[in-house]
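I am opening my notebook on this structure and want to write down, step by step, what I looked up in it.

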Amino acid sequence: FNLNDLKSIKKELTRFMMAYKFAVDEMNTKINILKEEFQYIHDYNPIEHVKSRLKSPESIAKKVSRKNMELNLNSIKENLRDIAGIRITCSFISDIYKVSEMLQSQKDVTVVECKDYIKNPKPNGYRSLHLIVEIPIFMSDREERIPVEIQIRTIAMDFWASLEHKIFYKYNKDVPLSLLQELKDAATSATELDLKMERLNNEINIVKEKNKEDEVLVHNE
Ligand code: 0O2
């Protein structure tokens with residue numbers, strides 16, 4: 001390579017990554033709009049917190065070599081759909097499906113894939129709803145459709161997944177069997193907690209609705 005070649009590779013790579021950054025910005029805006037508007041209309045917020053990340057060029061290179069993909073931008077764009085990633089944490093399982101539905105129904109959002117690890121948890125106990133969506137990004141001279149991976153989970157699912165991730169890396173992916181079993185038990189407890197919290201929340205909502213109806217009745221008397 002001469003210096004000009006390197007400069008042009010750098011420019012191409014920066015331009016490539018920029019599109020993913022814009023996609024993350026765009027998705028964050030969409031999520032913020034939903035949060036704000038939902039709070040205003042329904043007086044509660046289905047989204048606890050949102051984290052977003054761009055896969056670093058180093059992680060992209062590692063995944064490309066792990067998956068034996070061709071090392072060129074077209075192949076990366078075709079095959080790596082988690083360069084732009086968003087993680088949404090909700091309080092309740094029902095909120096996960098509400099948020100997913102609100103995003104999926106937007107006109108400029110194309111759903112490429114939906115993996116429901118809540119209805120079908122992974123054998124290790126991992127639960128989350130994964131969406132791969134494509135959104136259009138409008139640039140000075142072109143429009144590009146960029147894939148974004150959206151993971152939606154409850155606080156309990158997130159708590160479990162971050163600990164499991166830490167343990168997995170701590171043991172260099174060779175986790176002792178007893179620990180794997182304990183993680184599986186913890187995943188079952190997390191599921192039970194999610195279901196219990198959902199039931200309690202439903203009961204609270206019924207009481208709230210009843211109080212509202214009573215207020216209307218008193219007001220009309
Ligand atoms: P990172 O650093 O979080 O991005 P893929 O490997 O993405 O090509 P796959 O396996 O079909 O294909 O993807 P899947 O099942 O949708 O999972 C992708 C992401 O979900 C992972 O990204 C994790 O973030 C999360 N995930 C999936 N399974 C587990 C699990 O068992 N434990 C935890 N803690 N997280 C999980 P990356 O690329 O692995 O890592």
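Predicted model: local features only at pLDDT ≥ 70, side-chain atom pairs only at ≥ 80, totals over all residues.

The entries below go from confidence to annotated regions, then to a helix pair and the ligand.

**Entry 1, confidence.** The chain averages a pLDDT of 93, and 100% of the residues score at least 70. I then asked myself which element of the chain has the lowest mean pLDDT. I found that helix 3, residues 73-79, has the lowest mean at 89, while strand 2, residues 84-90, has the highest at 98. For the model as a whole I wrote down an ipTM of 0.91 and a pTM of 0.92.

I turned to UniProt, where an unreviewed entry places the feature "domain: RelA/SpoT" at residues 52-175. Over residues 52-175 I read 36% helix and 31% strand, with the end C-alpha atoms 28 Å apart. The UniProt annotation "coiled-coil region", also from an unreviewed entry, covers residues 183-217. In the model, residues 183-217 are 100% helix and 0% strand, and their end C-alpha atoms lie 51 Å apart.

I next asked at what angle helix 5 and helix 6 pack. Helix 6 spans residues 177-220, and its axis lies 9 Å from that of helix 5, at an angle of about 170°. Angles over 145 degrees count as roughly antiparallel, so helix 5 and helix 6 are roughly antiparallel to each other. On the helix 5 side the contact is made by A156, M157, F159, W160, E164 and I167, and on the helix 6 side by L179, L183, A186, A187, A190, L193 and D194. Sorting this contact by class, I noted eleven nonpolar residues, two charged ones and no polar ones.

**Entry 4, the ligand.** Finally I looked up which residues surround the ligand, and I listed D82, G85, K115, K122, N124, Y126, H130, A161, E164 and H165. By class, this shell has four charged, four polar and two nonpolar residues. Helix 5, residues 155-170, gives the largest share of the shell, three residues.

Conventions:
Residues numbered from 1 in each chain as written. Near = placed C-beta within 6 Å. Helix = DSSP H or I, 4+ residues; strand = E, 2+ residues; numbered from the N terminus. Nonpolar A, V, L, I, M, F, W, Y, C, P; charged D, E, K, R; others polar. UniProt positions renumbered as here; feature names shortened; annotations may be inferred. Axes fitted to C-alpha atoms, helices over the stretch in contact; angles between N-to-C directions. Parallel < 35°, antiparallel > 145°, perpendicular 65-115°, else oblique. Contact = placed C-beta atoms within 7 Å. pLDDT = per-residue confidence, 0-100.
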